[in-house]
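Please work through each task before reading its solution.

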Amino acid sequence: MLEDPLLLARLQFALTAGTHYMFVALTLGLAPFILFGQLRATLARDEARMRAVRFWGGLYLVNYGMGILSGLVMELQLATNWAGLNDMFGYAFSAPLAVETMAAFFVESTFLGLWIFGWDRMGRWSHLACFLVVTATAYASAYWVLVANGFLKNPVGFEIRDGEAVLTDSGALLTNPSTLLAFGHATTGALLLGGLVVAAVSAYHLARGHDPDGMFRRGITSGLTVTAAAVMPVVAFGGTQYALFGNEPPTSGRSLSATEIARVEEDYGGGAAHAVGEVGHVLMTLCWTAIAGVAAAGLVLWLVNRLHRWRWFHWMLVFSPFLPYIASLGGWAFRETGRQPWTVTHHLTTADAMTEMSPAMAVLSFSLFTVAFAVLAAVTYWLLVRFARRGPEGGPLAPRPEEPDSDPQLPVHRF
Amino acid sequence: MEIAAVVLLAGLVVGYFVLAGCDIGLGMLLPHLARTPGERRRLVSAVAPYFLGTEVWLVGAVGVVAGLFPALKHEVIVAQWPVFVAILAGWLWRDAGLWLRPRADNTVWRGTWDVAITAGSWTLALGWGLVVGGLLSGGRPLSPFALACAVTVVALFALRGAAFGAERLVPADRPEPAATAGGNAAESADVAAGATRHLARGAAMALLFTALTAAFSTGAPEGRPVAAAAVAAGLALVLGVTSGLWGPRLSRHTSALAMAAPPVAVALAVELPVVAAPQGTLTLVGYALAPLVPVMILGQVWLYRMLRQPAASSGFFA
């Protein structure tokens, strides 16, 4: 395995993208809760609601840090390890990524900095506007990344000139069905995750009888409501994509002839990647069913007015966020392995897309970043659980009481 | 449209060097400037909200290179693969340190992330130095000239960090001068201000050494040596001004000019394969970006205006 740079590079990218996706999905899922929470708190000038926003916002930020880190590594990895993809499809595949970095990430990160720094320092409406920009750009970011990803799956809107793809139809690129359906699927999936995380954290505190300002009663209700609302759209967007399976991309045959394409697909055994994709598919379906069950149970309990009281249901909810995480990763593995052996369907194989590098370079790059990611992801999840359990009093955004610090006060003598 | 793409890329890279120079340089000087736990906390909270707004310039630059100048990417990033992997690793650990350090309150945890922040900052500065050196020397990153360039760039990053620290490390709740008679509350800021002069002198020496290696050894700049010499002369002037008695006071502006010198030198002196993207790509990116440029500018200006105040001693990053 260590002798094969291609396998290492693929595994490295899969681990990077998978890690990135886990954190980004929670970012996308939590952002609307914080936005609407802050909107209501701002409208009503409600300090109690604002304390809840600080709590969820703290969790959002801890999670966001790792999302940025893995995103940076992923972007640079595309540049360092997958040069073949950019040599051929730089002008078509990388253009939406360029827009994503500039228009979405640039704005998102700047305004998130303002939001973090603006607590207690900014007017309440300006502060809310900052988070509105953060939420909007987070979703715009997801769209542009999926424009690039959808292009790999279903390449459209370009011509091959001198071995390079030249974009001829931006409209087709932006309205690629593979992009739009994936965007709908990924964002509703992220809302499932966000809803269940909010419900689970709220349930943990309700089960222990801890509910300052009623924030966790509101949390469990709104979390389950969003989950229940997203559970059918996510399967609708996902299911529609099955109809696209096996369709040849409209640009098929522009860089490789039909016989060459057939030969590449015959030579590809499938093997481990195919098995991983199938396992992912099954896990995704099972977890979705379980989520639908949890959401239905929650709705029934809500109707009979037992949602805030029945602890057995609270403890069940506490462990429910595993389900959307597994479903997201499984679904993502299913999508990405389904495209193999191609990086760009019917145009560029994964082997040709990789930078030529020696096995030593591949091993170095792989071990360096895999170890770093394992450590950082573990630390981030440990912190998330720790802050979620601590509750609003100990969150990272909680207003800190004035502490004496390391500068000792001069002793006051009383006579 | 093509010239707009080139200006966009050059602006992003210069913006990254000038703005991120502040937080990278301050991270490099962390062990020197901040010794007590309170000082370290203040230093990290001085760097931390700022880095969110500065590293995006680099992310944007990489995006623009990948999307609009794939040939340039091949020449710069793929050709210097090991350096970019090191930069990426340094970046990762440094950011992780800034995010995670304030999350728990014990000596080992904070000490670990202090090491990550400092080592990551040094790795970034040295990595960018090697990239600049490699580009200026025409692809010989280990020649004496390229290494001298790298040392100069590292010194410039440190200078920029010290100039930034002199402003941001002043305590927000500064007590009356009389109350601090026993100890200096703004000690970190004073040390940083004092360091600007020494760092400017060090950078000037490194620049002189670079000029000597350019004149007397192999690996001297190819392309347009006159342009490189002109930028070096401008840099020498700026460093000379900063070395003087007024150095600490002027350093805020002079260090910014000095940080702009390396990317400007590369842009002017090296023949880079800048082939603009075809019309379709330029149009797509242009139309998608144009409406957001005012928002980007608003966010950046707003962030820097808010951060002009001294760093707070509490908050998410403290």
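**Exercise 1: The interface between the chains**

The area buried between chain A and chain B is about 6,000 Å², and carbon and sulfur atoms give 80% of that area. The model is a predicted one.

*Task.* Determine how many salt bridges and how many residue pairs in polar contact are counted between chain A and chain B, and state which helix of chain A gives the most to the side that touches chain B.

*Solution.* 
1. Between chain A and chain B the number of salt bridges is zero.
2. Five residue pairs, both residues at pLDDT 80 or more, are in polar contact between chain A and chain B.
3. On the side of chain A that touches chain B, at least two residues come from each of helix 2, helix 3 (83–118), helix 4 (124–153), strand 2 (164–167), helix 5 (170–174) and helix 13.
4. Helix 3 of chain A gives the most to this side, with 24 residues.
5. By class, the residues of chain A that touch chain B are 46 nonpolar, 16 polar and seven charged.

**Exercise 2: Packing of two helices**

*Solution.* 
1. In chain A, the axes of helix 2 (residues 47–81) and helix 13 (residues 359–390) come within 9 Å and cross at roughly 170 degrees.

**Exercise 3: Links between parts of a chain**

*Task.* Locate the salt-bridge partner of A:Asp120, and identify which residues B:Arg308 touches beyond four places away in sequence.

*Solution.* 
1. A:Asp120 pairs with A:Arg54 in a salt bridge whose closest N and O atoms are 2.8 Å apart.
2. A:Asp120 lies in the loop between helix 3 and helix 4 of chain A, and A:Arg54 lies in helix 2 of chain A; the two are 66 residues apart, and the pair links distant parts of the chain.
3. B:Arg308 is placed in the segment after helix 12 (293–306) of chain B.
4. Residues up to four places away in sequence being left out, B:Arg308 touches B:Glu167 and B:Arg252.
5. From B:Arg308 to B:Arg168 the C-alpha to C-alpha distance is 7.5 Å, although 140 residues separate them in sequence.

Methods:
Residues numbered from 1 in each chain as written. Chains lettered and ligands numbered in written order. Predicted model: local features only at pLDDT ≥ 70, side-chain atom pairs only at ≥ 80, totals over all residues. Heavy atoms only, no water. Axes fitted to C-alpha atoms, helices over the stretch in contact; angles between N-to-C directions. Helix = DSSP H or I, 4+ residues; strand = E, 2+ residues; numbered from the N terminus. Buried area = accessible area lost by both parts, 1.4 Å probe. Salt bridge = Lys/Arg side-chain N within 4 Å of Asp/Glu carboxyl O. Polar contact = N/O pair within 3.5 Å; in protein donor to acceptor, adjacent residues only side chain to side chain. Nonpolar A, V, L, I, M, F, W, Y, C, P; charged D, E, K, R; others polar. Contact = heavy atoms within 4.5 Å.
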